[in-house]
Amino acid sequence: MADKFDCIIVGGGVAGSTAGYMLARVGLEVLIVERGNFSGAKNMTGGRLYSHSLESIFPDFAQSAPVERKVTREKVSFMTQDSAVTMDFQSDRLGFQSKDSYVVLRSQFDRWLADQAEEAGAMVASGILVDELLVRDGRVVGIKAGEDEMEADVVILADGVNSLLAQQIGMRNEIDPHHVAVGAKEVIELPPSVIEDRFNLNGDEGAAWLFAGACSDGMMGGGYLYTNKESISLGLVIGLGGIGKSEYTVPELLENFKQHPIIKPLIKGGKLVEYSGHVVPEGGYNAIPKLFGDGVMVVGDAAGLVINTGYMVRGMDLAIASAEMAARAFIEAKERNDFSADSLFCYQKKLEQSFVIRDMKLYKDFPAFMENPRIFNEYPELAAGLLTDLFRIDGVPNKSLKSKAFSALKKVGLVNLTRDAWKGVNAL
Amino acid sequence: MSIEEKLGFNKFYVDESNAHIIVKKSDFTDEELVILNKIIKACPAGLYSLNEDGTLRFDYAGCLECGTCRILAQGKVIEDWKYPQGTFGVEFRYG
């Protein structure tokens, strides 16, 4: 193994492998260090990949990459304990190439992406934990793993939300519980024909379904369901800022969620094949850490690049784009032979000029807005109450639709409603 | 289904000789108990629980390596938190 690389990338997830691929394909010496036995072994997602950023690097990737299903059906449900109000959008318009999204399973998908980096010439060292960064005169110059020390012009940290290495060198502080959520997920095996029937899908089409309300028991968070080829991914994400307010533990909440009348028939007869957990960065733009320093750049989850707007959650497309830009920034720095923070500033500039930071900024007020408990309690109740009045006929003289709506709205309070609606619209 | 049964479906390479998380087991202050309650509620693997005598029961063997406990601990209760050594720990086959 060479003593010195052009670039060492810590973490072989979607960000790490993308950066590795971009650098290797222009002939640079790249080492990707992954602590799992293979790329993806430690990774999990809800989850889906919005294709656009990977598509620009690997056109037609979905033809050969191990994707599960293309999402052509979007659902969002507001749940109370015993009911659900659902918005359902089904359209081929969701499937246009490079504007589409795919359900993926990271253990398989990340391995494929790492293989692309390796084929392009990157060295992938799996099963190795990086203990610390080598820092000399305030400059990151490499990594230390066990007894081994390896040096590089630049180290790219793609080591995930819980980046201990970024913390070690002061790129970020201890994670604030209000800036992250914990996810717990079951992969439940079902025959493809059953999945297609239950979710009204043809062939390789897939569904993405988000849930707000009773499933988080009043805490900030929600549920999700994604259809894989031969299984479904079902899980919850609960903000750590509000944890402890429910009498239930996260595993208990997930069990309750599975018993809900809207979920139970969807997973009937299914067989659990894996249970996973992960932390999700949810702080948005205001929680982005320092992105570059002398000899170092931070990408993907380690850089907090996740957008959650309640009706959609993005992370992997941002991770891939940030990694691509870090790689481009490195190539420019290499031409200058200057790897100082001043030189690597071009990484942040590229991010700011791209959709990554623009989108993060656009939704910057949303994480704070979501800490409003009415979103998870009163509003699902309001919607369910209104629809119960609308659809239930019991022989009692009917009230007008207007008065039914008004009495439901009064329960939340018109001032609260107006205020929340205003804040919500502005946060989006 | 219990959380123990669920974890039984996962693939783990447990590093028997090297705990990657070290926790304080007893004599908690009130502040530590508040933190501990949050950790018990949040750990997706349900690895933390209190014994009847108020001591903490914790086993790192089923750890999903999410870091939730470390973030909630804010430097208390958990004395040391590292990732398992390379090749050890959970290995997701789906993810």
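Contact here means heavy atoms within 4.5 Å. By that criterion, in this predicted model, 52 residues of chain A and 39 residues of chain B take part in the contact between the two chains. The size of an interface is often given as the accessible area lost when the parts come together. For chain A and chain B the buried area is about 3800 Å². Carbon and sulfur atoms account for 54% of that area.

Polar pairing across the interface was examined next. Between chain A and chain B, 29 residue pairs are in polar contact, counting pairs with both residues at pLDDT 80 or more. Several elements of chain A each supply at least two residues to the side that touches chain B. The helices are H4 (106–119), H5 (164–168) and H7 (250–259). The strands are E11 (180–189) and E15 (271–281). By class, this side of chain A has 23 nonpolar, 16 polar and 13 charged residues.

Salt bridges were then counted. Over all chains, the structure holds 27. Five salt bridges cross the interface of chain A and chain B. One pairs the side chains of Glu174(A) and Arg70(B), with an N to O distance of 3.4 Å. The side chains of Glu65(B) and Arg35(A) also form a salt bridge, at 2.7 Å from N to O. Glu65(B) sits in the loop between strand E4 (56–58) and helix H3 (68–73) of chain B, and Arg35(A) in the loop between strand E2 (30–34) and strand E3 (48–50) of chain A, so this pair joins two chains.

The whole structure contains five cavities of 30 Å³ or more. The largest cavity holds about 130 Å³. Its lining comprises 13 residues. Closest to the centre of this cavity are Glu282(A), Ile307(A), Asn308(A), Phe366(A) and Pro367(A). Strand E18 (307–308) and helix H12 (366–369) of chain A each supply at least two lining residues. The lining of the largest cavity divides into ten nonpolar, two polar and one charged residues.

The second largest cavity has a volume of about 110 Å³. Sixteen residues line this cavity. Those nearest its centre are Cys43(B), Pro44(B), Cys63(B), Cys66(B) and Cys69(B). By class, 13 of the lining residues are nonpolar, two are polar and one is charged.

Definitions and conventions:
Residues are numbered from 1 along each chain as its sequence is written. Chains are lettered from A and ligands numbered from 1 in the order in which they are written. This is a predicted model: local features need pLDDT of at least 70, side-chain atom pairs count only at pLDDT 80 or more; totals for chains, interfaces and linings use all residues. Side-chain values use heavy atoms; hydrogens and water are left out. Buried area is the accessible area (1.4 Å probe) that two parts lose on being put together, summed over both. A salt bridge is a side-chain nitrogen of Lys or Arg within 4 Å of a carboxyl oxygen of Asp or Glu. A polar contact is a pair of N or O atoms within 3.5 Å; within protein, one must be able to donate a hydrogen and the other to accept it, and residues adjacent in sequence count only if both atoms are side-chain atoms. Helices (H or I, at least four residues) and strands (E, at least two) are DSSP runs, numbered from the N terminus. Ala, Val, Leu, Ile, Met, Phe, Trp, Tyr, Cys and Pro count as nonpolar, Asp, Glu, Lys and Arg as charged, and the others, Gly among them, as polar. On a 1 Å grid over the protein atoms alone, a cavity is a set of points where a 1.4 Å probe fits but cannot get out, and a pocket is an open set with protein on both sides within 12 Å along at least five of seven lines; lining residues have an atom within 4 Å of a point. Grid points are joined across faces, edges and corners, and a volume is the space filled by probe spheres set on the points.
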